[in-house]
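Please find below a short note on this structure, arranged as numbered points. Each point may be read beside the sequence and the model.

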Amino acid sequence: MVCFLVFGCVHKLEDNWQTIEIGDYFFDFPNDYKLIKQQGYDSYVGIIKGDSITFNFDFGTTTGNLTSDSEEWIECFNKAQIDTVDDLYRVITVPVEPCRGVTGVSICKLEEFTKSNNGFLALGLTVRDLTERQKALALKIYKTGRHKK
């Protein structure tokens, strides 16, 4: 008898967490969070509401803090972590002043970002005025972002 084992990249959820689909992306959230769609004009918008934090999202063409126009805003009011992971371009911003400002992630496919002149699909997921504990949770959620493929 011959057995074949195939090992692949399998995403593992933390206990009491769920996966929520936003546009072309998946993010993991604690189980108490629910996606609520809202009316958007030219993009898919809504909120993801939990017991202590409500995130806003906007998925559409050139949403989020990915363009050069926003770099001044990021430098003045936020610290930014820019990286590429799993063929995604991701910008995570955190306010300079604690408990004030926007903590957010903007994410898009790296290939679209590098080939386009501001005409690409992106997701912005943001929340305002977080405590340090809430900010740590938001950053943990942001880092679970992945493309649906």
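1. The side chain of glutamine 134 reaches the backbone nitrogen of threonine 131 at 2.9 Å, a polar contact being a pair of N or O atoms within 3.5 Å, where within protein one must be able to donate a hydrogen and the other to accept it, and residues adjacent in sequence count only if both atoms are side-chain atoms. Glutamine 134 belongs to helix α3, residues 132-142. Helices (H or I, at least four residues) and strands (E, at least two) are DSSP runs, numbered from the N terminus.

2. This is a predicted model, in which local features need pLDDT of at least 70 and side-chain atom pairs count only at pLDDT 80 or more, while totals for chains, interfaces and linings use all residues. Residues are numbered from 1 along each chain as its sequence is written, and side-chain values use heavy atoms, with hydrogens and water left out.

3. The protein chain averages a pLDDT of 80, and 77% of the residues score at least 70; pLDDT is the predictor's confidence in each residue, from 0 to 100. Where pLDDT is low, the predicted coordinates should not be read in detail.

4. Is glutamine 134 buried or exposed? With a relative accessible area of 19%, glutamine 134 is buried, the term meaning under 20%, with exposed over 50% and partly exposed in between (1.4 Å probe, protein chains only). Leaving aside neighbours within four places in sequence, glutamine 134 is in contact with Ser52, Ile53 and Asp129, contact meaning heavy atoms within 4.5 Å.

5. Glycine 23 lies in the loop between β1 (17-22) and β2 (25-30) and is buried, at a relative accessible area of 14%. Not counting residues up to four places away in sequence, glycine 23 touches Tyr44, Phe59 and Lys148.

6. An open sheet is formed by 3 strands in the order β1-β2-β10, with antiparallel pairing; two strands pair if DSSP finds at least two bridges between them. β1 and β10 (146-147) stand at the edges, each with a single partner strand, so one side of each is left without a neighbour in the sheet. β2 and β10 are joined by 2 bridges, and tyrosine 25 stands opposite histidine 147 in β10.

7. In strand β7 (residues 88-95), 8 of its 8 residues are buried. β7 pairs with strand β8 (residues 102-109) in the antiparallel sense over 6 bridges, and isoleucine 92 has valine 105 as its bridge partner in β8.
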